[in-house]
Amino acid sequence: MTRFRLFAWALLATLVQPSAWAQTAPAQAERPSEQVDKLFEKMDRTISPGCAVAAMKDGKILYERGYGMADLDHNVPITPVTVFHVASMSKQFTAAVIVMLAQERKLSLDDDVRKYVPELPDFGVPITIRQLVYHTSGLRDQWGLLGLAGWRYSLDLITDDDVLSIMSRQKDLNFPPGSKHMYCNTGYTLLAQVVKRVSGQSFREFTTSRIFQPLGMKNTHFRDDHAEIVKDMAYGYVPAKDTFRIGITNFDTVGATSLLTTVEDLALWDENFYNPRVGGPGMIKQMLEPGQLSNGEQLHYAYGLVIGKYRGLPTVDHAGGDAGYRSDMIRFPDQHFTAACLCNLAASNPSELTRKVAEIYLAKDMTPPDKADAGPEKTVQLPPEKLTPKVRRT
């Protein structure tokens, strides 16, 4: 009987021991959130600026997190509610309120801009609001002109009045309106002036009352006062050998830039493209309509948005960059998926990061990487602080 008991206990011990298969079984595949964290691991330090990211699907945020520091002076970390300057991502909001005013018949997209901004010189041909939207106006870009006139980008204060003053002295255009597409910040600064003069409100007030408040975007506004205190704001930084230097904007100019927002607030705006609570389906349809040149050539640029493809999937996108800030939000409308990334480091590449985030969540829907699948040809855009030194002064 004793031998039988010993045998039974030995057999039981064998059964409850982990099997050789269990001991050598491959580890479980990483969760999407863990894969996203790996993309940002170099920034995920207390001695580096970084980014906030959000992945959105079907109207919900699947994953959001901050990496790195919003304020290196005071050891403030980046979180999903950190406020960033998003530079040219601002343009889609400027275009949206222009469409709203057109829907209300307070202006026509084919109006001559000088009807609302008579300070603009008469170049002998009309420049329409629509051409400002599509970057086909032929106007010269404000940043290059201001640099030629002596303004030091991000050091000297730049106001709307400064932009209007320098544009009022222009004698010619880069090309006849409608004949070419050339990215032009001036056009969106002028669009904000149109909104201000048609609505009777400041651009900040109008966009807040018509977009941000109705959507519950509580941490979003157009900054028209460079000296105001903004809670939870990230400072911009530029690399300086083995450390960083502060690189912030010094703007009292809006429309082309100067939107402050968070990845959480951008999720509310993104969902408006599927279930429009602001502007209605008509505004959304108009905003996604690509432009066309006078020769019939179709553009990829719509209303502050770029229509393209990535790895076989249709996309709607716009990036931004000013001083030490970089930003991108890319939407995959057929999958009801969006990735947003806001950074406070000039050396970061949020456009690359948002696409890598999308690859994690949409891998099964994407085709293999292929040059033919890269979408529209992208224009190389230098930040203004690097563009100005390359322009010959006269």
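Is C184 buried or exposed? Select C184: its relative accessibility is 3%, so C184 counts as buried. Buried here means under 20% relative accessible area, exposed over 50%, and partly exposed in between, with a 1.4 Å probe and protein chains only.

The model is predicted, so local features need pLDDT of at least 70 and side-chain atom pairs count only at pLDDT 80 or more, while totals for chains, interfaces and linings use all residues. Residues are numbered from 1 along each chain as its sequence is written, and side-chain values use heavy atoms, with hydrogens and water left out.

**The core**

Next, select L139. Apart from neighbours within four places in sequence, L139 is in contact (heavy atoms within 4.5 Å) with residues including C184, L120, F123, M167 and L190. L139 is also one of the residues that touch the most other members of the largest nonpolar core, which has 78 residues. A nonpolar core is a set of buried Ala, Val, Leu, Ile, Met, Phe, Trp, Tyr and Cys residues joined through side-chain atoms within 4.5 Å. Helix α4 (residues 91-103) supplies the largest share of this core, eight residues. A second, separate core of 23 residues includes Y63, F337, L353 and Y361.

**Helix α9**

Select residues 203-215, helix α9. Helices (H or I, at least four residues) and strands (E, at least two) are DSSP runs, numbered from the N terminus. The 13 residues of α9 should span 18 Å at 1.5 Å a residue, and its end C-alpha atoms are 17 Å apart, which agrees; the expected span is 1.5 Å times one less than the number of residues. At S209, α9 bends by about 40 degrees, the angle between axes fitted to the seven residues ending there and the seven starting there. Among the buried residues of α9 are F203, F206, I211 and L215. Their cover includes α4, α8 (185-199) and α10. Just after the helix, G216 has a positive phi of about 75 degrees.

**The disulfide**

Now select C51 and C343. Their sulfur atoms are 2.1 Å apart and form a disulfide, a pair of cysteine sulfur atoms within 2.5 Å. The link is right-handed, with 100 degrees about the S-S bond. C51 is in strand β1 (residues 51-57) and C343 in strand β15 (residues 337-343), 292 residues apart. Both cysteines are buried. C341 is in no disulfide; its nearest cysteine sulfur, that of C343, is 3.5 Å away.

**Last stop**

Finish at T262, in the loop between β11 (259-261) and α10 (263-271). T262 is buried, with a relative accessible area of 0%. Residues it touches, not counting those up to four places away in sequence, include P80, T82, N219 and L342.
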